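User: I have a model open and want to check the labels put on it. Can we go through them one at a time?

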Amino acid sequence: MSTSQPRQRRQGPLGRLVAVLTAIEIVIGSIAILAILVLVFTQAAQRHTPFEGFAWTGELGKFSMIWLSFSVIGVLITTRGHIALEVVDTLKNPMVVRVVQTLALVIVAIVGFGLAMEAWGLVSTQSIIKSPVLRLPMSLVYIPVLVGVISLTIRSLVAALDVAINGPKLSDYDELESEVAA
C-alpha cells in the first residue's frame, strides 16, 4: 500500500468505550471457556466414579459453547480477527482497498442485522420452551446470542465508517513490513 505508516488507534471517548466493551466481551468469553473446561472435566470424571453423574453438566457445556461463540464475535471485527480477504490489502491502490474493506464490513453489518432480528425472534418467542435438564427458559439461552450479534452489527458499521473516512486498515503483513522498514 502507499501509506508509509500504520494509522494510530482511535483515541478519545469512543476509543475508550470500545476498549471497555471489548474488555467486557473478553471477560464473558473467558468465563464461558472456563465453564466449558470445568464442565467437560466434570463429565469425564463422572464416568470413572461409582455414583450417578450430573446430567446438567452436558447441557450447560453446550450452552456455554454457544455463549462463547457469540460473546466475542464483535471483538473479532474490532481486532480484525474475523475471516477477511487480506489479499486485497496488498493492492497498491488504496482507494480500491478502501472500497473493498468498506463494502465487506457493510455486508457483515447487514448479515449481523439479520442475525439480530432472528435472535430477537428467538428471545421473544421461546420463553415457553424449557431446556430438558435445567428447565431453563430457552429465551434466556438466546440473550447472549442477541447481544453478540448486536455487537457485531454495531462494530462492523463503525469499522466501515472508519475505513470509509480514514482510509483502509493495514493488514498484519503491511504493518510488519512497515515496522521492518523503519
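Analyst: Start with pLDDT: it is the predictor's confidence in each residue, from 0 to 100. This model is predicted. The mean pLDDT of the chain is 84, and 84% of its residues reach 70 or more.

User: Where in the chain is confidence lowest, and where highest?

Analyst: Helix α6 (residues 172-181) is lowest, with a mean of 53. Helix α4 (residues 94-125) is highest, at 93.

User: Over which residues does pLDDT stay under 50?

Analyst: Over residues 1-8. The model has 21 contacts beyond four places in sequence for them. Where pLDDT is low, the predicted coordinates should not be read in detail.

User: Why is α1 called roughly antiparallel to α2?

Analyst: Look at the angle. Helix α1 (residues 13-46) and helix α2 (residues 56-71) pack at about 155 degrees, with axes 8 Å apart. Angles over 145 count as roughly antiparallel, so α1 is roughly antiparallel to α2. The crossing of α1 past α2 is left-handed.

User: What makes up the contact of α1 with α2?

Analyst: Its residues are ten nonpolar, nine polar and one charged. Among them are E25, I28 and G29 in α1, and W56, T57 and G58 in α2.

User: How do you know that the reach of α5 is close to the expected one?

Analyst: Set the two values side by side. Helix α5 (residues 138-166) has 29 residues and reaches 42 Å from first C-alpha to last. At 1.5 Å a residue, 42 Å is expected. The expected span takes one less than the number of residues, so the reach of α5 is close to it.

User: What follows α5?

Analyst: G167, with a positive phi near 100 degrees.

Definitions and conventions
Residues numbered from 1 in each chain as written. Predicted model: local features only at pLDDT ≥ 70, side-chain atom pairs only at ≥ 80, totals over all residues. Heavy atoms only, no water. Helix = DSSP H or I, 4+ residues; strand = E, 2+ residues; numbered from the N terminus. Axes fitted to C-alpha atoms, helices over the stretch in contact; angles between N-to-C directions. Parallel < 35°, antiparallel > 145°, perpendicular 65-115°, else oblique. Left-handed = near helix turned anticlockwise from the far one by under 90°. Contact = heavy atoms within 4.5 Å. Nonpolar A, V, L, I, M, F, W, Y, C, P; charged D, E, K, R; others polar.
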